[in-house]
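Please have a look at the structure first, then read on.

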Amino acid sequence: MIDFDRDTAFTQKMLDVLAMRTKTALNNVANQNVPGFKRSEVRFEDLLREAGPEVSPTEIDPKVVKDESGPPGQNNVSLMEELAILGKTALLHDVMTRRVGSYFSTLNKAILGR
């Protein structure tokens, strides 16, 4: 049986992570021409994998970290990488919203019988 409370909590967590990732990528794009700016990225999947299956995904908080790669004082934002991240995030957002929409549609059918 599916644990719907846990499933919807995970979906909400993922939507929050995706919103954070979008905001971070847009900030990187906005600062792509600022000398010395170092891009940021959101870490969540790595933390989820490290925690293992015994830890609930809702207990793990995403972290925004600076990418210090590249020479000091040089901007390390790649517009194409940021656009790829935004595209991937948009696809995942679509999947997660469809998932939660399907869940509530099923609840509606169960309650109303149609």
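1. Thr22 touches Leu86 and Thr89, leaving aside residues up to four places away in sequence; contact here means heavy atoms within 4.5 Å. With Leu86, the C-alpha to C-alpha distance is 6.1 Å across 64 residues of sequence. Thr22 sits in helix H1, where helices are DSSP runs of H or I with at least four residues, strands are runs of E with at least two, and both are numbered from the N terminus. At 28% relative accessibility, Thr22 counts as partly exposed, because that class lies between buried, under 20% relative accessible area, and exposed, over 50% (1.4 Å probe, protein chains only).

2. A word on the basis of all this: the model is predicted, so local features need pLDDT of at least 70 and side-chain atom pairs count only at pLDDT 80 or more, while totals for chains, interfaces and linings use all residues. Residues are numbered from 1 along each chain as its sequence is written, and side-chain values use heavy atoms, with hydrogens and water left out.

3. Gly87 belongs to helix H3, residues 79-112. Its relative accessible area is 33%, so Gly87 is partly exposed.

4. Is Arg21, a charged residue by type, buried or exposed? Arg21 is buried, with a relative accessible area of 13%. This residue of helix H1 touches Val42, Phe44, Glu45, Ile85 and Thr89, again without residues up to four places away in sequence.

5. Which residues make up the largest nonpolar core? There are 8: Met14, Leu15, Val17, Leu18, Val42, Phe44, Ile60 and Met96. Such a core is a set of buried Ala, Val, Leu, Ile, Met, Phe, Trp, Tyr and Cys residues joined through side-chain atoms within 4.5 Å. Helix H1, residues 4-30, gives the most to this core, with 4 residues. Leu18, one of the core residues, touches Thr89, Leu92, His93 and Met96, not counting residues up to four places away in sequence.

6. Now for the chain as a whole. It has 3 helices and 2 strands, and from the N terminus the elements run α-β-α-β-α. Residues 24 or more positions apart account for 72% of the contacts with a separation of 6 or more.

7. On overall dimensions, the C-alpha trace spans about 60 × 30 × 15 Å along its principal axes. The radius of gyration is 18 Å, whereas a compact globule of 114 residues would have one near 13 Å; the radius is taken over C-alpha atoms, and the globule rule is 2.2 Å times the number of residues to the power 0.38. Of the 114 residues, 27% count as buried.
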